Structure formats: structure tokens, C-alpha cells
Amino acid sequence: MSQVRVRFAPSPTGFFHIGSARTALFNWLYARHTGGTFILRIEDTDKDRNREEYLRLIYNSLTWLGMDWDEGPNPDGNGECGSFGPYRQSQRADIYQAYLQKLREAGRAYEKDGAIWFKLLGERFKVFDDHRKKEVEKVRSAPVIIDDKIRGKVERMEDEDFVIFRSDGNPGFHFVNVVDDITMQVSHIIRGEDHLSNTSKHVRLYEGFGVTPPVFAHLPLILKSPEMGQGKMSKRDKGALIEEYQQRYFLPEALITYLAFLGWNPGDDREKMPLAEIVKLFDLPGVNQSNAKFDGKKLAHMNMTYLLAQPADRFLTLARDYFRRQPGGTAALANEAYFREIMRLAQPKIKGIEELGTYTAYFWDENFPIDAMVKEKVMAKGDPQARLNELLAALPTMDFSNDANMEAGIKLLAEKHSLGFGDYQAVARLAVSGTNAGPSITSIFRVLGKERVTARIKRFLAAG
RNA sequence: GUCCCCAUCGUCUAGCCCGGUCAGGACACCACCCUUUCACGGUGAGAACCGGGGUUCGAAUCCCCGUGGGGACGCCA
């Protein structure tokens, strides 16, 4: 059995976003790669900002993305599993008290302004802090040397005493983080680079407890794309929320792959591979050191390639789920055989499940809209009315039973009038679907059936 | 401002550790091909080693300094 124990420790104070998901993923990948344990710990010490719905969102998002945890609260929120709990910091008060006691006994804790502070060892000096606009006391000592698995050696020799218990009686982040990592026997701390400057404080705390710190690995951050502006990605940025992708019916494996390859690669040209392969190849030294800008277009492309590759059955399952939740979507699901037929036509064409509604609307609705721009374009060329009338006249004798016969029928008509297939295609498409994008016209005809095609063309002609 | 991290096409990146290749791939963009529309796909084009010093026969690769970007600087996590 492996010794590797990693944790993902979100706080339920806001929506679950892409940066958190990536941190979770890299921890999960490392656990699975090493055969170690992946722990989910809830850092809910900030009572004012914690919300139960955000907690559920964490469980849901991780589950949706396929990241299962070995220890932590159960995904349904009832109970927990693992023998190092509780896994919610709000339930670990007695543990924190015990560890506070250790610090007190070691003379490393003191009170000030109603809070309890951790006392650093070393030479104290005062300096004016331009950021806080006040004089602060710093402590200089032998440098903390962090041997970061991603960044190499990182040194720091100055820090300030910091709060470990707030004046409201609740323990602070640095303290609980370290105490939990000690008591849960976390072996590797894999987290965002925004925590790198906290790490020296954490190491001091480990030293204060007389415990050897775990291995650190600080991940590069996900930054805004150039269009979004500067800085690291925040929940407010477009495309930042995991929930959004779920709602837009992205394939979780596409998102996972995109995220995995943002900051990591197997060292060759591959940009996509099965998750099992990523698990096999993933390792900390392979993670990049530089921040990466988020590219929604590349993610969308990834999603499309996965969608294209789905077996028909899976696509059908996803599509059904999509229509079930669409307003008026039940109409699409009324006839199973018809639905399957249309999904088969749509799968190779669309870029995402979310396009399904508009892409197939005219199949379920006789009152489909006519795209004015397309109409203007199509009606300007040749004599489209004449083509439709010729089609109308030939329709009764055409064979709608399969694509080949359907196509042959239209071609025959075109030949008769010394015209091409294309002369009928565009206008027929406009008349029966109202647009210029879609499956082949022969498939549309066949699936719609003779009656509806006839009726739609007549109606289109009548409407002018 | 102080401390810390980082630096290859617009973007994600390979190459860097162990100096020697036309600096390779992908997304996006453009052109062409395929074609029954729209997509997919195919081919091609444009597009990068941040700057300056050093070390070396030779530097994207090693070292230093600039510059740029990012992060941290809360009784938030």
C-alpha cells in the first residue's frame, strides 16, 4: 500500500470554479497515479460566508467530473467515510484546542487584541509596510527552504507573527490547515501557487509542532484569457464556473482533459488521451511552472471531439437528458424511433449538446421560424419558386423509404429540368427547415416524410 | 512598495535538466480541397525563443542583470 495521501480542501464560500477543479484534479490524478488516498476536506471555519448550497455544489461538481474521493463527507452529504475525520473543520474544534494547547506549552502562542497569535522565532525588526500603510513587525531567521516538487527550492527568511485563533474564538486558516494535514497524515500538499507565499508560515507551524512538513507542490495558476483582461481567473469571469459547463451539457471528460493538459503534458505532442492513460503518465515533475491563460475556444473544441467520438447510445442518453430539461422538450421525446433517427443525423454535425435544440427544432415544430437572411439570399438566385413547384409536382411519385432512393428521386427531377441537385437543395431546405444549416436534404426529407414535406413547401409558397 | 514565483507563435505547449534539428504540435485566424447546405475532415500560409551582458567553437537550452507577467502581503480561505 502506498503512503501517498493528498487532499483537496475547498471552502464552501462560493461557486465551484475552474481553478479549484484543476487543483482537485491534480490531487486526484496524483492519488490515482500513485495508488494513494484522495481526501476531501471541507474548510468551513468562516461561519459567516459558508453556505450549505455551496457545499452541495462541491460534491456535485466533483462527482460530475468523475473525481471520487476515498475519505471525506459522503457525496450525498450524509455521514462520511475514512478514519481520520471529522472531515469538516467546523466539527474539529476539540482537535484544534488540543493543538493550540501544544503551542501554548511550547510558548509559541500569545494573545493580542483578543486573538491568539503564533510566535515566530528570530530577530525582530520594524518596517513600514507600503501596502498596509503602517509599521509592522517582522521576524528574520534562518531561511525556510521549501523543496517544492514543481518549482524546486524556494527560500524565505522573513515573516510576521500571524493569527491562529480569531477573536471570535474560531481557528484561522493557516492553523487549521496545518493541524488537519498533520492529523490526517497528508503526505503531499498540492495546491495553487497563490499559497506559495503562505508556505513558509505553514512550515514554521510544523516546526512548532515538532512535525516534519509534507512534500509541497505548487501548481501554476489559471489566468484570464487576453479578451477577459489581466490577472488570475476569478468566479466572475466568463467560463469560470464548473456549474456552467454542466448546465451547458459539456462532456465532463472533455473538461477534465482540457484541465489536465492546462499545465501538464506527457512530454510529447499528444493533447488528448483516455483518462486512464493520463492517470498512468501523470506526475508532479511533469507539471509546468508558468501560469496558463484560459482558452474557452480550445475547451469547446475539445468538447466537440469528444462528442463526435461518443457511441450512439451515450449520445442518445445525453440528448434525452438535454431535451427532458428543455422547455417544451418533451415533444422531441414523444416518438422514440423518430428521436433516435434525428439524433443520429445531429451527432456528427453539432459542436455541443446545447446546440441540439435549435439544430433540430424544425423536426418537432411545424411553426419553425424562417431565417430572414438566409431567405433573402436563397430567393435571390435563379427561380426558386419554380423549383419548389417542380418539386411539389414530383413529390407524389418519389420514394421516401431511404436516403439513396430519396436522393435518386431528386436527382431525376433535376435531370428532367436540366438542372443540378444544388438548384433544389437550398430552396427545399429553406422551405422545410427555415435555415441553411443542417443534415443532408435527402435525410431531412426522408425523416420528415412525404406529407409534411409537401405541406411545408405549400405553406412556404403560399406565404410568399 | 516589500517578499516570492514565472518567461518559446494571439493562446495551450514540445524542445531546456544532459548546449549543436529548417524551433515541432494543437486551438484560433486566413486560403484552398472535399461537398448537397452547414459542419467534420484534408492540405497549405502567416505567427514565437522578452532585452542586454557573460560562459562556449557553438546558447531557446547554462549564469548574471534588466524588463515584463503573476501571486502574496486580512482576526478570508
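Modeller: Happy to! The surface near RNA strand B divides into 24 charged residues (Asp, Glu, Lys and Arg), 23 polar and 18 nonpolar. Here nonpolar covers Ala, Val, Leu, Ile, Met, Phe, Trp, Tyr, Cys and Pro, while the others, Gly among them, are polar. A word on the ground rules: this is a predicted model, where local features need pLDDT of at least 70 and side-chain atom pairs pLDDT 80 or more, while totals for chains, interfaces and linings use all residues. Residues are numbered from 1 along each chain, chains are lettered from A and ligands numbered from 1 in the order written, and side-chain values use heavy atoms, leaving out hydrogens and water.

Around RNA strand B there are 65 residues, with a heavy atom within 4 Å of the strand, and Arg132, Arg151, Arg166, Glu271 and Lys349 come nearest. Of the RNA atoms that come within 4 Å of the protein, 68% belong to sugar and phosphate.

Some polar contacts (N or O pairs within 3.5 Å) show the detail. The side chain of glutamate 271 places an N or O atom 2.4 Å from a base nitrogen. Aspartate 130 has a side-chain N or O atom 2.7 Å from a sugar or linking oxygen, and a backbone N or O atom of glycine 231 is 3.3 Å from a phosphate oxygen.

Elements giving two or more residues to this surface include β9 (152-159), α4 (173-183) and α9 (296-309); helices are DSSP runs of H or I with at least four residues, strands runs of E with at least two, numbered from the N terminus. The largest share, 5 residues, comes from α9.

Terms used:
Polar contact = N/O pair within 3.5 Å; in protein donor to acceptor, adjacent residues only side chain to side chain.
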